[in-house]
Amino acid sequence: MSKTVLVTGAASGFGRGVAFGLAARGHAVIAGCQIWPQVWELRNAAKAEGIDLRVIKLDVLNEIDRKHALGIEIDVLFNNAGIMESGPMVEIPMSVFRSVFETNVFAALELAQGFARIMVKRGSGRVVWTSSVAGLVKVPFDGAYAASKHAVEAICSAMHEELRSYGVEVVTVNPGAFRTGFNDTGMESMDQWWGQEERVVAHWPVRELNRQHDPAEMIAAIIEVIEAEAPRYRTVRPVSAEEMVRKEQQEVWERQV
């Protein structure tokens, strides 16, 4: 059955792949992009591929954009927009840390709240959040992003229980390391501020991200979650990442200083 799906952060990465994939499968897709040049580019890319895609400007931090999006009737919100900022916790500027939470947590929750209220009144709907493997394990030198995704995990867990009796489903998708460029630029981001002040800990080792996976695997899994009649609450890909998460979470109980 065809669904109407709003995808945030659709200009690139998983958002773009999911938006194109769903539209190609006959769903009505509204693809939200942060800035107008992205809107123009995505519209033209969809047209070039013969894909029927509605593209809107949706900066999740912009109240006007959020209100505009909330005026669209949808079946599924794919709450995907997010940013990554790296750096050791003892050094990362608080303004940078706050910016991660503003996008990944507060803006995402505000959009989810708006659509969830509509869904509750209607008695149906689904909110799919892009969390992360980083929301389930320790991630040294990427603690700000990990902390935001741990917060997303807590929010989704609560929302899942609070809304299920109203016919509204809340689920997460948890990507590991995939070749979308998100991780590469996220690692680089700390270089913007690192040299501006004296540091007491070392810069994290610069390393090539050469073990990332094909994003097609995650995109297919997300599409399956959106289309499924009864999806799993949590979907982690690749499978090796799920195994790693389960092992590390068990080890936490035995961890010593």
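Me: How many aromatic pairs does the structure hold?
Reply: The structure, which is a predicted model, holds six aromatic pairs. One of them joins F101 and F106: the ring centres are 6.3 Å apart and the planes meet at 50°, so this pair is tilted.

Me: Why does an angle of 50° make the pair of F101 and F106 tilted?
Reply: Planes under 30 degrees apart count as stacked and those over 60 as edge-to-face, with the rest called tilted. The 50° between the rings of F101 and F106 therefore puts the pair in the tilted class.

Me: Are F101 and F106 buried or exposed, or partly exposed?
Reply: F101 has 16% relative accessibility and counts as buried, whereas F106, at 44%, is partly exposed. The cut-off for buried is under 20%.

Me: Which residues do ring pairs link into a cluster?
Reply: The cluster consists of F97, F101 and F106.

Me: What is the geometry of the aromatic pair formed by W193 and W194?
Reply: The pair of W193 and W194 is tilted, with 5.9 Å from centre to centre and 45° between the planes. W193 is buried at 7% relative accessibility, and W194 is buried at 14%.

Me: How many cavities of 30 Å³ or more are there, and how much space lies in the largest?
Reply: Rolling a probe the size of a water molecule over the atoms shows where empty space is left. In this model there is one cavity of 30 Å³ or more. The largest cavity holds about 40 Å³ of space.

Me: Which residues line the largest cavity, and which elements give two or more of them?
Reply: The lining is made up of N79, N80, A81, N104, A108, W129, T130 and K149.

Me: How does the lining of the largest cavity divide into nonpolar, polar and charged residues?
Reply: The division is three nonpolar, four polar and one charged.

Me: How much space lies in the second largest pocket, and which residues are closest to its centre?
Reply: The second largest pocket has about 310 Å³ of space. It is lined by 15 residues, of which M1, K3, D75, V76 and R126 are the closest to the centre. The lining of this pocket divides into three nonpolar, five polar and seven charged residues.

Me: How many disulfides does the count come to?
Reply: A disulfide is a covalent bond between the sulfur atoms of two cysteines. Here the count comes to zero disulfides.

Me: Are C33 and C156 buried or exposed?
Reply: C33 is buried, its relative accessible area being 0%. C156 is also buried, at 0% relative accessible area.

Me: Which peptide bond is cis, and where does its proline lie?
Reply: The bond from R237 to P238 is cis, and its omega is near -5°. P238 sits in the loop that runs between β7 (234–237) and α8 (239–252).

Me: What is the phi of F141, and where is this residue found?
Reply: F141 is not a glycine, yet its phi is positive, at about 70°. It belongs to the loop between β5 and α5 (143–163). With 28% relative accessibility, F141 counts as partly exposed.

Me: Which backbone oxygen atoms lie by a polar atom of the S86 side chain, and at what distances?
Reply: A polar atom of the S86 side chain is 2.9 Å from the backbone oxygen of G186. For the backbone oxygen of M187 the distance to a polar atom of that side chain is 3.1 Å. S86 is placed in the loop between β4 (76–79) and α4, and it is buried, with 0% relative accessible area.

Me: What does the side chain of N62 reach, and where is N62 found?
Reply: The N62 side chain reaches the backbone nitrogen of I64 at 2.8 Å. N62 is in the loop between β3 (54–57) and α3 (63–70). At 25% relative accessibility, N62 counts as partly exposed.

Me: How many residues apart in sequence are N62 and E153, and how far apart in space?
Reply: N62 and E153 are 91 residues apart in sequence. In space, they are 23 Å apart from C-alpha to C-alpha.

Key
Residues are numbered from 1 along each chain as its sequence is written. This is a predicted model: local features need pLDDT of at least 70, side-chain atom pairs count only at pLDDT 80 or more; totals for chains, interfaces and linings use all residues. Side-chain values use heavy atoms; hydrogens and water are left out. On a 1 Å grid over the protein atoms alone, a cavity is a set of points where a 1.4 Å probe fits but cannot get out, and a pocket is an open set with protein on both sides within 12 Å along at least five of seven lines; lining residues have an atom within 4 Å of a point. Grid points are joined across faces, edges and corners, and a volume is the space filled by probe spheres set on the points. Ala, Val, Leu, Ile, Met, Phe, Trp, Tyr, Cys and Pro count as nonpolar, Asp, Glu, Lys and Arg as charged, and the others, Gly among them, as polar. A disulfide is a pair of cysteine sulfur atoms within 2.5 Å. Buried means under 20% relative accessible area, exposed over 50%, partly exposed in between (1.4 Å probe, protein chains only). Helices (H or I, at least four residues) and strands (E, at least two) are DSSP runs, numbered from the N terminus. A polar contact is a pair of N or O atoms within 3.5 Å; within protein, one must be able to donate a hydrogen and the other to accept it, and residues adjacent in sequence count only if both atoms are side-chain atoms. Rings of Phe, Tyr and Trp (its six-membered ring) pair if their centres lie within 6.5 Å; planes under 30 degrees apart count as stacked, over 60 as edge-to-face and the rest as tilted.
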